[in-house]
Each structure stands twice: as structure tokens, then as C-alpha cells.
Amino acid sequence: DFSRLAGKYAFAGTPDDVIARFGQFADAGVDTLMCSFACPNAEIAATRALFTAEVLPALRPPDELSVRS
């Protein structure tokens, strides 16, 4: 049952939810995370765009942002 692991390792919800979740990992000492978007193929571009526009700027100064596909 993946649902027990999803709450521990997955990032989901609004941009504010995801930013808060990243903050929990940062507070625990994590300084690097790899992301993979688990959504229907038709939604990946929009999801990446939202992540790039709303989440990444809250995590790092703009000159340090890096998005790889």
C-alpha cells in the first residue's frame, strides 16, 4: 500500500503545501532533492511550469535556480 509511504516521501498539494514540505526536509538537513512529477502526461508541462513559477523561487535565490528535464 503506497499511501503510507506517500505521506512520508511525496510532495503534493498547493505550491504553499509543497514549499512547506520542502522546508521540513531542509530543516532535517537535506540540501539536495530530485523531483519527478507523477501526473498524467498531459499535465506534466503545466505542473512543471507551476513548480518553476511558484515553488522554486521560494526555495532559492533566483541566480541559483536550476531546472533539468
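Which residues make up the largest nonpolar core? The close-ups below, taken from a predicted model, start there.

**View 1. The largest nonpolar core has five residues.** They are Val18, Phe22, Phe51, Val55 and Leu56. Two helices, α2 (15-27) and α3 (41-59), each supply at least two residues of this core. The largest share comes from α3, with three residues.

**View 2. Valine 55 and its contacts.** Set aside the neighbours within four places in sequence. Valine 55 is then in contact with Pro15, Val18, Ile19, Phe22 and Leu50.

**View 3. Helix α2 packs against helix α3.** The angle between them is about 40°, and their axes lie 10 Å apart. The crossing of α2 past α3 is right-handed.

**View 4. The residues where α2 meets α3.** From α2 come Pro15, Val18, Ile19 and Phe22. From α3 come Leu50, Phe51, Glu54, Val55, Ala58 and Leu59. Sorted by class, this contact has nine nonpolar residues, one charged residue and no polar ones.

**View 5. Alanine 38 in the loop between α2 and α3.** Is alanine 38 buried or exposed? Its relative accessibility is 83%, so alanine 38 counts as exposed; the cut-off is over 50%. Look also at alanine 10, which sits 28 residues away from alanine 38 along the chain. The C-alpha atoms of these two alanines are separated by 9.7 Å.

Note on methods: Residues are numbered from 1 along each chain as its sequence is written. This is a predicted model: local features need pLDDT of at least 70, side-chain atom pairs count only at pLDDT 80 or more; totals for chains, interfaces and linings use all residues. Side-chain values use heavy atoms; hydrogens and water are left out. A nonpolar core is a set of buried Ala, Val, Leu, Ile, Met, Phe, Trp, Tyr and Cys residues joined through side-chain atoms within 4.5 Å. Buried means under 20% relative accessible area, exposed over 50%, partly exposed in between (1.4 Å probe, protein chains only). Helices (H or I, at least four residues) and strands (E, at least two) are DSSP runs, numbered from the N terminus. Contact means heavy atoms within 4.5 Å. Axes are lines fitted to C-alpha atoms, for helices over the stretch in contact, and angles run from 0 to 180 degrees between N-to-C directions. A crossing is left-handed if the near helix is turned anticlockwise from the far one by less than a right angle, and right-handed if clockwise. Ala, Val, Leu, Ile, Met, Phe, Trp, Tyr, Cys and Pro count as nonpolar, Asp, Glu, Lys and Arg as charged, and the others, Gly among them, as polar.
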